[in-house]
Amino acid sequence: MQNNCVQGLKELIAEGKRLLAEEKNCHTEADRKALEDMISKAERALSGEGVPFVRNREFVRAGENEAIAFAYERYTMAPTAFAEGKVYGHYGLKEAVRWFKEQDMGRWAQEQLEDRREEVREAGYRLLKCANPKNPSRELKEELMRLEASGGEALVPALVRCINVLHKFRYAGELSSEKEKNPLILPLDKKLWNQKQYRRIRDIADSTTLEESRMAYEQIWGKYSYDQLNDRFDLWGNTGRVVNVITPFGTRGARLSFCLPGQENEENGLGHILINGVKLFSAQGPEIFIPNADFGQEINDKARINQIPSWSLERIKGNAVCRQVVTKRGETCLYMCNSSAQDEAAITCCEILPLEENCGYTLYFRARQDGKFKNGLQASLEFLDGEGKVIDTFTCEYNRKGTIPTGRKALDMQCSAIVYASEKDDYYAQKAKYELLTFLNDFCQGAEYWMIYNERPEGCDAYGAVQAGRIMCSAASTYSLLEGAHVFTEEEKKNFYGMTDYLLRYCMDLRDRISMSKERVQRGSSNWQTDMCIGVAALMTVLPDFPDRKIWMYNAEAVLEAQLAVNLNVDGSWPESIRYHHAALEHFASFFRMWKQETGEDWLRLTRLKDMFSYTIHTITPAYEYFNGKIGTPPFGDHKLGDGKEFSIFGLYVNEIAQLDKELADQMYWVWKAAGYPVKDLGGESLAAENLLYMEPGEYVCSSVRQLPVSSVTDYPDSGIYIFRGGEGEGKENYLAVMAAPRPIGHGHLDLGSFILYYHNCPVIMDSGIEGYFDVSTQWHLSSYAHACLQFAASEAERKTMRVRNDRINLNAGNYSLDRGWLDVPRKCQVLEVRTGKSEDKICMEIEHPGGREKGIHRRTIIFKKMEGIVVVKDRIENYKGKILLSLPLVMETADLEKQMVHARGYYGTEVDLDFKTPVERIYFEKGRTTPMFPCEEEVPMLLYVRAEADTVRTKETEFWIRPSGTARL
């Protein structure tokens, strides 16, 4: 197999060189450059050149020809290169040769040539319009005119010439970094820096020492023993919240155990591990209690000194060690050790854990592992029926090598570099250098794993291509701030450039994007490609001597510009949840600053970036006491209700917006103020230098009195969110947000027809939001069962045919609703009517049965009595006979049911009545998890769900009212 891989790569190299040698004038210089690049990479792989990093994490255990296989073919998420219907594609010399053949315009049909001509015309005139007037444009103009006039056999060479000149023109402009080297986005005048933020940054820089940073760097090559490392660093790892299991039907309990197999032993490698902090999280409620989960329970009986309270020990063979210990740092834990392959032990919790059938659970524990096992520690759950018999067993293997923590280094390196730039103390420059090189060495290992296997290394989400884009920005900022320090040796700089090249290829490739149409270049892209491309451009702006850097940066810029032109909704909303709108806005805004600094091009004027600032201003929720009187945004989709932290971006850009649109800037300022003047969190995936650019709140001068939205807003239909407002003014605001998306929303939930309601600034009905992406709570939060939706009952056939594979929790709703007898709503609907008035607002939408409109149609009408805060919901069902479920997630402590009326008591004096005006068959209460949003003593906040079932055989229309208690019946 290995010989086949070597021979295959050699054959591809020969074929690629043959294609390049053909002089047909049917390929552009950019196409040839891309293929030459991949041939060069393949030849270096054959010559034995390895990766530019050390695999000290052992994510990938390198084989004899792993570099050759990687050069042959790997996974990629680079924009414009996706497989049909996928969010990834393949690249390597195999794909590069296939692609190059496709670019042979001599083989194209006339229609394809005409399409390409139109693309090139669009790209060429766009560049001429936006380019620096100093750039010589005559040659490009002439080639565009020749292209327009060409036909027949002359069209192909005209296309080739024009694309070549287009690239030449794009690369001709002089960049700021070619004249002088300045820190990325940060002015050199320290008087312009926010001193409070600088003190925060300096504290972070001082939280670790230069010696610790140097040790972490030296440990890449294994300089220190684990005894030395454990004395100095916290090497504990953990499972993360990714070990998930759905219990089988009939489960009444489970038995938890740990086993270190005999193959993991000291004679043949690593044979010991420490464990503590065992937890079992439930998708539907609080954490499951596990006795002595930290293995710290005292043993009073000296005769039982080697036993572990609440756990039973089984020595399967030999003399395996299994006991409670206390580390030098005072941590209590379980110690398991096998001296040889003849030793093996297991430890089992004595108490049967009370688990429910068909319910999701996430197993979590901490572990200190001084190396890499062959396979790993085994953690098992045996599922028991009511008689205590084993139904099934779930086992996972833990094998995460203990390392000096690197996650914080992406922030530490920025902070150390900023302090050096301010104080010119080489101590901080050296520290930043070691942190930068250590972090990138770690990250490249995770990137390699992704590109080989297309999955997370050890289940960790921190190494994805989207994270790569963000940390490339952090690396660019760090490196630019060290200019003049001269701390990098030639070998260290070579190492840094090598890892830079590796990360560039994780996020992009050299295939031409510049001459493509805006639609094609961004097709299929999302916030992932946004961050990837910004990272590519950021690193290239600070490395003026990097090979082909203008190809990299202008390819990335072409994607980003197209996203704002095409991917951004017409109404200015990003086509994902509000949380991701703000994430995209923050990163596009950072790019605006760095791109203007490097090229002089002002994206606030040249693109629709400004529109993104306007959108969420109009969605803000009322100021809420639980969040200290601060505003937020409605937590539809992957989002959570909070204190307005998402508006921290406004404080950074209000002055720039004021130069273009003073009214919008004033609105941004008032929203920033209503959120408590938040600033960005200092984190490794954001630019710490930006925090130094915050103005003091009183520095901005408004041209108008306080402006917060007071009117209903229906101007953002693409976002799917409709906002209706009423009440008696500040402190007594009534607010209704409705989800009615016309197309699927990225990072959205199955929540069409759902709504959020505030009465006098207090939430009454709320979306549960999202807690995390990879534990079992995810499927609950994504499902329609967690939202204020109407669901159709699932037939027996649908329960079988509509089931999805549920072996991995990864941003899907799984079978959560289906297992409870209901179908999730679809991801798009049609809004039939929206009307706003002085006293009453109304929205009507049509939602099809998930199996198609021939199986059923649901028309939901929501009427909002603005002054009273009353909501009337009318649901009409057509073409369907069967049961329906109405769900209402209440922010309430208690509720009472009397006939068809529910009286609920909530927080801060809020009480509401739910009045079902049409007969329903059954009304009942359930609880469901949510994020912190109300006073709560329980470990997991729980919304109170009112569920109502009706049968459409008896009634085609249901109507219920949500009315603040004491409000007169209308």
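Mentor: Start with helix 2 and helix 4: their crossing is left-handed (the near helix is turned anticlockwise from the far one by less than a right angle; clockwise would be right-handed). Helices here are DSSP runs of H or I, at least four residues, and strands are E runs of at least two, numbered from the N terminus. This is a predicted model: local features need pLDDT of at least 70, side-chain atom pairs count only at pLDDT 80 or more, and totals for chains, interfaces and linings use all residues. Residues are numbered from 1 along each chain as its sequence is written, and side-chain values use heavy atoms, leaving out hydrogens and water.

Trainee: At what angle do helix 2 and helix 4 pack?
Mentor: About 155 degrees, with the axes 10 Å apart. That makes helix 2 roughly antiparallel to helix 4 (over 145 degrees; under 35 is roughly parallel, 65 to 115 roughly perpendicular, the rest oblique).

Trainee: Which residues in helix 2 meet helix 4?
Mentor: Asp31, Arg32, Ala34, Leu35, Met38, Ile39 and Ala42. Across from them in helix 4 are Leu93, Ala96, Val97, Trp99 and Phe100. Contact means heavy atoms within 4.5 Å.

Trainee: New topic. Where is glutamate 58?
Mentor: In the loop between helix 2 and helix 3. Glutamate 58 has a positive phi of about 60 degrees, yet is not a glycine. Most residues other than glycine have a negative phi.

Trainee: Is asparagine 879 buried or exposed?
Mentor: Exposed, at 51% relative accessibility (exposed is over 50%, buried under 20%, partly exposed in between, with a 1.4 Å probe and protein chains only). Glutamate 58 is partly exposed, at 25%.

Key. Axes are lines fitted to C-alpha atoms, for helices over the stretch in contact, and angles run from 0 to 180 degrees between N-to-C directions.
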